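Please look at the sequence and the 3D structure together before reading the points below.

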Amino acid sequence: MPLSRTRGIILKSYCYGEANRLLVIMTREHGRIRAVAKGARRPKSRMAAALQPFTCSDMMLHQRENAELFLVTQGRIANPFKKIRLDLKKIYYGSYMLEITGEMTAEREQSTAVYRLLYDALSLLQETSEPEKVARWFESKMLHS
């Protein structure tokens, strides 16, 4: 697979080597994937903001033959879900939803419905004053998908 453009929600982000990030991303086209963003930890990296957990980003992905990880070559923020980051309770329930998504989906198994559900849940979480209700709604929908 050469280059592909996709939209995804960053589930997890880990330090990887000296300046790289290892990401777990829920995408529409590829399902849950793991990817490396080279140089994303450098202070002047243009991709750093687009690769934070809770962020929905448009990315350019590259995968070499027989490679386990994708390579993120470009990243641009589509929706930062900024209001979630400003409330500790929303961070807690949002992190819980990201964790559930990561654990209940198979790697590289396309699931547009799960991607859409997570996006909708984060959108609701961002606007609600009762984050626990959104989390319970998300749990019930995930169990039925």
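Predicted model: local features only at pLDDT ≥ 70, side-chain atom pairs only at ≥ 80, totals over all residues.

**How the helices pack**

- Two packed helices are described by the angle between their axes and the distance between the axes.
- Helix α3, which covers residues 112-127, and helix α4, which covers residues 131-144, have axes that come within 9 Å and cross at roughly 170°. Because angles over 145 degrees count as roughly antiparallel, α3 and α4 are described as roughly antiparallel to each other.
- On the α3 side of this contact are Val114, Leu117, Leu118, Asp120, Ala121, Leu124 and Leu125, and they meet Pro131, Val134, Trp137, Phe138, Lys141 and Met142 in α4. Sorted by class, the contact of α3 with α4 has 11 nonpolar, no polar and two charged residues.
- The axes of α2 and α4 also come within 9 Å, but they cross at roughly 10°. Because angles under 35 degrees count as roughly parallel, α2 and α4 are described as roughly parallel to each other.
- From α2, this contact is made by Lys89, Lys90, Tyr93, Tyr96, Met97, Ile100, Thr101 and Met104, while α4 brings Pro131, Glu132, Val134, Ala135, Arg136, Phe138, Glu139, Met142 and Leu143. Sorted by class, the contact of α2 with α4 has 11 nonpolar, one polar and five charged residues.

**Two loop residues with positive phi**

- Most residues other than glycine have a negative phi, and most peptide bonds are trans.
- Phe81 has a phi near 45°, which is a positive value in a residue other than glycine. In the chain, Phe81 lies in the loop between β5 (70-79) and α1 (82-85), and Phe81 counts as buried because its relative accessibility is 0%.
- Arg108 has a phi near 60°, again a positive value in a residue other than glycine. Arg108 is placed in the loop between α2 (88-104) and α3, and Arg108 counts as partly exposed because its relative accessibility is 36%.

- Leaving aside residues up to four places away in sequence, Gly8 touches Ile25, Met26, Thr27, Thr55, Cys56, Ser57, Met59 and Tyr115. From C-alpha to C-alpha, Gly8 and Val24 are 9.7 Å apart in space, although they are 16 residues apart in sequence.
- Tyr92 and Asn79 are 13 residues apart in sequence, and their C-alpha atoms are 19 Å apart in space.

**The largest pocket**

- How much space lies in the largest pocket? The largest pocket holds about 160 Å³ of space.
- The residues that line the largest pocket are Val36, Lys38, His62, Gln63, Arg64, Ala67, Glu68, Leu69, Phe70 and Leu71. When this lining is sorted by class, it has five nonpolar, two polar and three charged residues.

How values were computed:
Residues numbered from 1 in each chain as written. Heavy atoms only, no water. 1 Å grid on protein atoms, 1.4 Å probe; cavity = no way out; pocket = protein on both sides within 12 Å on 5 of 7 lines; lining within 4 Å. Points joined across faces, edges and corners; volume = space filled by probe spheres on them. Nonpolar A, V, L, I, M, F, W, Y, C, P; charged D, E, K, R; others polar. Axes fitted to C-alpha atoms, helices over the stretch in contact; angles between N-to-C directions. Helix = DSSP H or I, 4+ residues; strand = E, 2+ residues; numbered from the N terminus. Parallel < 35°, antiparallel > 145°, perpendicular 65-115°, else oblique. Contact = heavy atoms within 4.5 Å. Buried < 20%, exposed > 50% of the residue type's maximum accessible area, 1.4 Å probe, protein only.
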